[in-house]
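This briefing concerns the pairing of charged side chains. Please consult the sequence and the structure shown here before turning to the points that follow.

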Amino acid sequence: MSVILGYKAEDKLYLAADNRLSEKDGTFIRDNERKIIEINSHLAVAFAGNAGTQTLFGEFVKGLKNANEFKIEDVLFNIDAMFLSFKIRKEEWVSNILNSSSYFIVAGKDKNNDNVIYAVSYVNGKLGDTKTEMILFPPLGADMQTCSNIYVKNIHMFPQNFLQKTVKEISDICNTVSPSCDIWTYNFVTDNNSMEHFS
């Protein structure tokens, strides 16, 4: 599993995700996976866990004509609907998704035009979400406390590049994480967003 992070600053929302794709057992596949999907100019989702979930969600969103108007609640509703639809299907690939874990960080505007972050997890057949201002989903094989300590240290010591440094340091202790990452930023004061890649 990858590492994904979300953070709400005074004027910005951030999402970050490393670029490594690996098998469940940690076998390396490639280091150029994009794990953040931009829904519109003020909304994005980072993914970790079963890669099939991200692929299906990305295809679903691409087919929606009104995704440009989506808010956080719409994304949460559609994640829920996606898992409900999986439970009535019988294909083997659907079973693989339902029997594994998936994690999402959704960042952007909600229906009240507040700028928020939600952590969403599908674990042991249960889907749950929590509103938060800071979240890290650690990779398999890495201790949550160790990863959280790295994250908090970098926020305080390196505020200009805390996300890149966090992903790099976690990659040093976990072989399922690449040292490279993508970072989505939404500046809610200027209403500008960006997606950047860091090697």
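**Salt bridges in the predicted model**

Glu91 has a relative accessible area of 33% and is therefore partly exposed. The model is a predicted one, and a search of the whole structure identifies eight salt bridges. Side chains of opposite charge can pair when their charged atoms come close.

**Glu91 and Arg89**
- Glu91 is joined to Arg89 by a salt bridge in which the closest N and O atoms lie 3.0 Å apart.
- Arg89 is likewise partly exposed, because its relative accessible area is 38%.

**Lys35 and Asp18**
- A salt bridge links Lys35 with Asp18, with 3.2 Å between the closest N and O atoms.
- Because Lys35 is in the loop between β4 (28–30) and β5 (36–40) whereas Asp18 belongs to strand β2 (residues 12–18), this pair ties together parts that are 17 residues apart in sequence.
- Both Lys35 and Asp18 are buried.

**Arg20 and Asp31**
- Arg20 and Asp31 form a salt bridge, their closest N and O atoms being separated by 2.7 Å.
- Arg20 is located in the loop between β2 and β3 (21–22) and Asp31 in the loop between β4 and β5, so the pair connects parts that are eleven residues apart in sequence.
- Arg20 counts as buried because its relative accessibility is 14%, below the 20% limit for that class.
- Asp31 counts as partly exposed, since its relative accessibility is 30%.

Terms used: Residues are numbered from 1 along each chain as its sequence is written. This is a predicted model: local features need pLDDT of at least 70, side-chain atom pairs count only at pLDDT 80 or more; totals for chains, interfaces and linings use all residues. Side-chain values use heavy atoms; hydrogens and water are left out. A salt bridge is a side-chain nitrogen of Lys or Arg within 4 Å of a carboxyl oxygen of Asp or Glu. Helices (H or I, at least four residues) and strands (E, at least two) are DSSP runs, numbered from the N terminus. Buried means under 20% relative accessible area, exposed over 50%, partly exposed in between (1.4 Å probe, protein chains only).
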